[in-house]
Amino acid sequence: MLILHTSDWHLGRSFHGTGMLQAQREVLDQMVDTVRERGVDLVLVAGDVYDRALPAADAVELLDAALADLVSAGARVVLTSGNHDSAIRLGFGGHLMGAAGVHVRTRMDGISTPVVFPDPEGGSVAVYGIPYLEPRHAGQVWDVEPNHPAVTAEAVRRIRQDAAERCGGPAGDTAIVVMAHLFAAGGAGSDSERDIGAERPAESGTGDLLVGTLGQVPVTAFDGVDYAALGHLHGRQRMAETVRYSGSPLAYSFSEAGHTKGGWLVRTAGGRVTGVESVDFSAGRKLAVLRGRIDDLLEGAEHAWAEDRWCQITVTDPVRPPQAYRRLKERFDGLLNFVLDPEGAPATAPSTYAARLAAATTDLQVCTGFVEHVRQRPATASEADLLASALQDSRRRADQGEGSAA
């Protein structure tokens, strides 16, 4: 069997205010071509199918068309929900869709129920889909610690138990494939991924909870699994021979300018993974990240390659050049992110969302920073007050719930 591992489609996303739907349509067409040309039997989408819990109508239409095209090209599909998706909305109609060859896994109670496919090369393949697990909720349901490593370990334990009973375990003739949406320890992130695992171990004197590190899941959590198809990180990468991120099919931040986008083709036979190779996609405008003094940026022939790309340009002149943005836009019409970083100037606040998140010290700063990141302008004072009130109410409700449980 030939499996195409993808993730993080983020349908409906914009890039610095520029719509990406056409580029997303192009890259999905390339996936369909890959299915048809390479004879792919199964396509995996490991979470973040949409970019938001309430996707726009055109994003829903695009997913509908893409799934129909993949099935028409000869593949079956398994998709799971990520932290950007609404599990309930994405899972709507899942039972009916399964009959058509599209299997949706968005519920905790379906984690230990695989989709089993006969392998044309002998044996079979059992695909277990782990949707994004919210640690507090999953921890309560399963009575484990409310953090990503613990709930993931419990999910994989349940999968191993079912595989041993249903499929003969790792020694049988069934290849065990696990899909999961999480941050694996040691993975390389980018600016376009939303934090999914901030731990909050202690309270500050102001009542805000301190933000700690990401809830990273050890790669060893997937020991004994024939292949772990991971989603969330947008760079294609190999965590272990059988544990990999496909990355997003398109770049969603300028930090991904150096990425080669695509997925993995995983071949199975006789209940084993027999080979993994990369497959590349190329759609939409490429990215360029430029830095320098404005005269060099405007006149240097070495920058000609960036003229037809989406650009992030940092101007380093000690004094802000007059009409810098307009002048750069004349040469680089794809200029989307203009940054001033004067040489010799004192250090300023972090300029990227990932850096601002790392510098945040309270929950309120995380919330207002996210508003600014999504909307491209800071939260107003009244909005910050509303967020602070909501956080306070959330803590009060959590404290009442913990007190009654005790």
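Because the model is predicted, local features need pLDDT of at least 70 and side-chain atom pairs count only at pLDDT 80 or more, while totals for chains, interfaces and linings use all residues. Residues are numbered from 1 along each chain as its sequence is written, and side-chain values use heavy atoms, with hydrogens and water left out.

**Overall make-up**

- The secondary structure of the protein comes to 11 helices and 17 strands, where helices (H or I, at least four residues) and strands (E, at least two) are DSSP runs numbered from the N terminus.
- Of the 406 residues in the protein, 47% are buried; buried means under 20% relative accessible area, exposed means over 50%, and partly exposed lies in between, with a 1.4 Å probe and protein chains only.
- The accessible surface comes to about 18,900 Å², and 51% of that surface belongs to carbon and sulfur atoms; these areas come from the Shrake-Rupley method with a 1.4 Å probe, and for residues only the protein chains shown count as cover.
- Among contacts between residues at least 6 apart in sequence, 68% join residues at least 24 apart, contact meaning heavy atoms within 4.5 Å.

**Helix H1 and its packing against H2**

- Helix H1 has 18 residues and reaches 25 Å from its first C-alpha to its last, close to the 26 Å expected at 1.5 Å a residue; the expected span is 1.5 Å times one less than the number of residues.
- The axes of H1 (residues 21–38) and H2 (residues 57–72) come within 10 Å and cross at roughly 10°, which makes H1 roughly parallel to H2.
- The axes are lines fitted to C-alpha atoms, for helices over the stretch in contact, and the angles run from 0 to 180 degrees between N-to-C directions; angles under 35 degrees count as roughly parallel, over 145 as roughly antiparallel, 65 to 115 as roughly perpendicular and the rest as oblique.
- On the H1 side, the contact with H2 is made by Leu21, Gln24, Arg25, Leu28, Met31, Val32 and Val35, and on the H2 side by Asp58, Ala59, Leu62, Ala66, Asp69 and Leu70.
- The residues of this contact divide into nine nonpolar, one polar and three charged, where Ala, Val, Leu, Ile, Met, Phe, Trp, Tyr, Cys and Pro count as nonpolar, Asp, Glu, Lys and Arg as charged, and the others, Gly among them, as polar.
- The buried residues of H1 are Leu21, Ala23, Gln24, Val27, Leu28, Met31, Val32, Thr34 and Val35, and the buried residues of H1 pack against strands E1 (2–6), E3 (18–19), E4 (42–46) and E14 (272–280) as well as against H2.
- Just after H1, Gly39 takes a positive phi of about 70°.

**Buried residues in helices and a strand**

- Gln24, found in helix H1, counts as buried at 1% relative accessibility; leaving aside neighbours within four places in sequence, Gln24 is in contact with Trp9, His10, Leu11, Gly12, Arg13, Leu62, Leu250 and Tyr252.
- Gln24 and Gly12 are 12 residues apart in sequence and 8.5 Å apart in space, C-alpha to C-alpha.
- Ala46 has its place in strand E4 and is buried, with a relative accessible area of 0%; beyond neighbours within four places in sequence, the contacts of Ala46 include Thr6, Ser7, Thr80, Met179, His181 and Gly231.
- Although Ala46 and His181 are 135 residues apart in sequence, they are 6.1 Å apart in space, C-alpha to C-alpha.
- Ala155 lies in helix H6 (residues 148–167) and is buried at a relative accessible area of 0%; with neighbours within four places in sequence set aside, Ala155 is in contact with Ile111, Ile130, Leu133 and Trp142.
- The C-alpha atoms of Ala155 and Leu133, 22 residues apart along the chain, are separated by 9.3 Å.

**Residues in loops**

- Asp8, in the loop between E1 and strand E2 (14–15), has a phi near 55°, a positive value in a residue other than glycine, and counts as buried at 0% relative accessibility.
- Gln323 also has a positive phi, of about 50°, although it is not a glycine; Gln323 lies in the loop between strand E16 (310–315) and helix H8 (324–331) and is exposed, with a relative accessible area of 53%.
- Ala257, in the loop between strand E12 (243–245) and strand E13 (262–269), is partly exposed, with a relative accessible area of 32%, and beyond neighbours within four places in sequence Ala257 is in contact with Leu287 and Val289.
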